[in-house]
Amino acid sequence: MQRRFPAETRDALLRRAACSEAWVIEGVHHKWGKESFEHADVIFIITPNRWVRDFRVIRRFLRTRLGLERANYKQSLKNVFEMAWVWNRKFDRVHMKEIMEMTEPFKAKRMVVRSNKEILKYIQAREGQ
């Protein structure tokens, strides 16, 4: 079962977050979260290696099936295949291009990184200024 907010609720929560002093939005929300780009101080686009993403999909599947982690949707072998070998490849070919185009007006505050470690280094360097 998918557990998602209705679009109106989701959009209101996004607006409230974007108007607050400090906030982070994570995930692949480039289609409905683009208004937040305008309000962001920094836009991090994380591009981990495709094999790392595949491994994480499989690990998440195993952890949910073993009851070690919760999921907001029904996990199946078909899901794993679609997410790792269909969605991940489409993300690289299609969605990443969309994200880069959508954030082009904000390229001065856009940073493409490979990992969360790079984000932490950036934040620590900025706090040290």
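Arg89 lies over the face of Trp51, at 5.4 Å from the ring centre. The charged end of Arg50 sits over the ring of Trp51, 4.9 Å from its centre. The model behind these values is predicted.

Trp51 also belongs to a surface feature. Together with Ile58, Leu62, Leu66, Leu68, Phe81, Trp85 and Val86, Trp51 forms a nonpolar patch on the surface. The accessible area of these residues together is about 850 Å². Which elements give two or more residues to the nonpolar patch? They are helix 3, residues 50-65, and helix 4, residues 77-102. Leu62 is one of the patch residues, and it lies in helix 3. Its relative accessibility is 45%, so Leu62 counts as partly exposed.

Now turn to the aromatic rings. A pair of aromatic rings is described by the distance of the centres and the angle of the planes. The count here comes to four aromatic pairs. One of them joins Phe44 and Tyr122. Their centres are 5.4 Å apart, with 80 degrees between the planes, and the pair is edge-to-face. Phe44 lies in strand 1 (residues 43-46), while Tyr122 lies in helix 5 (residues 116-127). The pair therefore ties together parts that are 78 residues apart in sequence.

Phe81 and Trp85 make another pair. Their ring centres are 6.2 Å apart and their planes meet at 20 degrees, so this pair is stacked. Why are the two residues separated by about one helical turn? Because Phe81 and Trp85 are four residues apart in helix 4. Phe81 counts as partly exposed because its relative accessibility is 49%. Trp85 is partly exposed too, with a relative accessible area of 38%. Both residues also belong to the nonpolar patch on the surface.

From the surface, move to the core. The largest nonpolar core has seven residues. They are Phe37, Ala40, Ile43, Ile45, Phe91, Met96 and Ile99. Strand 1 and helix 4 each supply at least two residues of this core. Which element gives the most? Helix 4 does, with three residues.

Technical notes
Residues numbered from 1 in each chain as written. Predicted model: local features only at pLDDT ≥ 70, side-chain atom pairs only at ≥ 80, totals over all residues. Heavy atoms only, no water. Patch = residues over 30% accessible without salt bridge, like charges linked within 9 Å, V, L, I, M, F, W, Y side chains within 5 Å. Areas by Shrake-Rupley, 256 points an atom, 1.4 Å probe, with all protein chains shown as cover. Salt bridge = Lys/Arg side-chain N within 4 Å of Asp/Glu carboxyl O. Buried < 20%, exposed > 50% of the residue type's maximum accessible area, 1.4 Å probe, protein only. Phe/Tyr/Trp six-rings, centres within 6.5 Å; stacked < 30°, edge-to-face > 60°. Lys NZ or Arg CZ within 6 Å of the ring centre and 35° of its normal. Core = buried A, V, L, I, M, F, W, Y, C linked by side-chain atoms within 4.5 Å.
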